[in-house]
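Please examine the sequence and the structure shown below before reading on.

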Amino acid sequence: MNITLSIDEEIMKKVRKIAIDKNTTLTAMVRDYLTAVAKSDAGVKQERVAALKESIGRHGRDLGPRTWTRDDLYEDRLNRYNR
């Protein structure tokens, strides 16, 4: 996919020099950066999910079988409203 960016000319010159020094291209640098951001975000989400599961495992309680239905809750709410 191609994208268009608006970047200050002075910054562009500096970054191109950095790319040359690193024996790469500006396009490759942007691609690598965006890839790293995407991977980092996915990693953070996985860490948060793992921490949540661990917390639920430590603090969660078995409430037993569900003895109500959605309709029961709806009917109870209607009864409270109509009082």
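## Report on the predicted model

The secondary structure of the chain consists of three helices and zero strands. In sequence order, the pattern is α-α-α. The structure discussed here is a predicted model.

**Overall form**

The radius of gyration of the chain is 27 Å, whereas a compact globule of 83 residues would have a value near 12 Å. Along the principal axes, the C-alpha atoms fill a box of roughly 75 × 35 × 20 Å. Of the 83 residues in the chain, 4% are buried. The chain exposes about 8500 Å², and carbon and sulfur atoms supply 54% of that area.

**Charged side chains**

The chain carries 17 positive and 13 negative side chains, and the centres of these two sets lie 2 Å apart. Side chains of opposite charge can pair when their charged atoms come close. How many salt bridges does a search of the whole structure find? The search finds five.

| Salt bridge | N to O distance | Location |
|---|---|---|
| K13 and E9 | 3.9 Å | helix α1 (residues 9-21) |
| K45 and D41 | 3.6 Å | helix α2 |
| R58 and E54 | 2.4 Å | helix α2 |

In helix α1, K13 and E9 are four residues apart, about one turn of the helix. E9, E10 and K13 are linked in a network of salt bridges. Is E9 exposed or buried? E9 is exposed, because its relative accessible area is 56% and the exposed class begins over 50%. K13 has 43% relative accessibility and therefore counts as partly exposed.

Helix α2 holds K45 and D41, which are four residues apart, about one turn of the helix. K45 is exposed, with a relative accessible area of 51%, while D41 is partly exposed at 41%. R58 and E54 also lie four residues apart in helix α2, again about one turn of the helix. E54 is partly exposed, with a relative accessible area of 41%.

**A nonpolar patch on the surface**

Which residues form a nonpolar patch on the surface? The patch is made of M1, I3, L5, I7, I11, Y33, L34 and V37, which together have about 900 Å² of accessible area. Helix α2 (residues 26-59) contributes the largest share of this patch, namely three residues. L34 lies in helix α2. The relative accessibility of L34 is 46%, so L34 counts as partly exposed.

Terms used:
Residues numbered from 1 in each chain as written. Predicted model: local features only at pLDDT ≥ 70, side-chain atom pairs only at ≥ 80, totals over all residues. Heavy atoms only, no water. Patch = residues over 30% accessible without salt bridge, like charges linked within 9 Å, V, L, I, M, F, W, Y side chains within 5 Å. Areas by Shrake-Rupley, 256 points an atom, 1.4 Å probe, with all protein chains shown as cover. Salt bridge = Lys/Arg side-chain N within 4 Å of Asp/Glu carboxyl O. Helix = DSSP H or I, 4+ residues; strand = E, 2+ residues; numbered from the N terminus. Buried < 20%, exposed > 50% of the residue type's maximum accessible area, 1.4 Å probe, protein only. Rg over C-alpha atoms; globule rule 2.2 N^0.38 Å. Lys, Arg positive; Asp, Glu negative; His and termini not counted. Charge placed at Lys NZ, Arg CZ, Asp CG, Glu CD.
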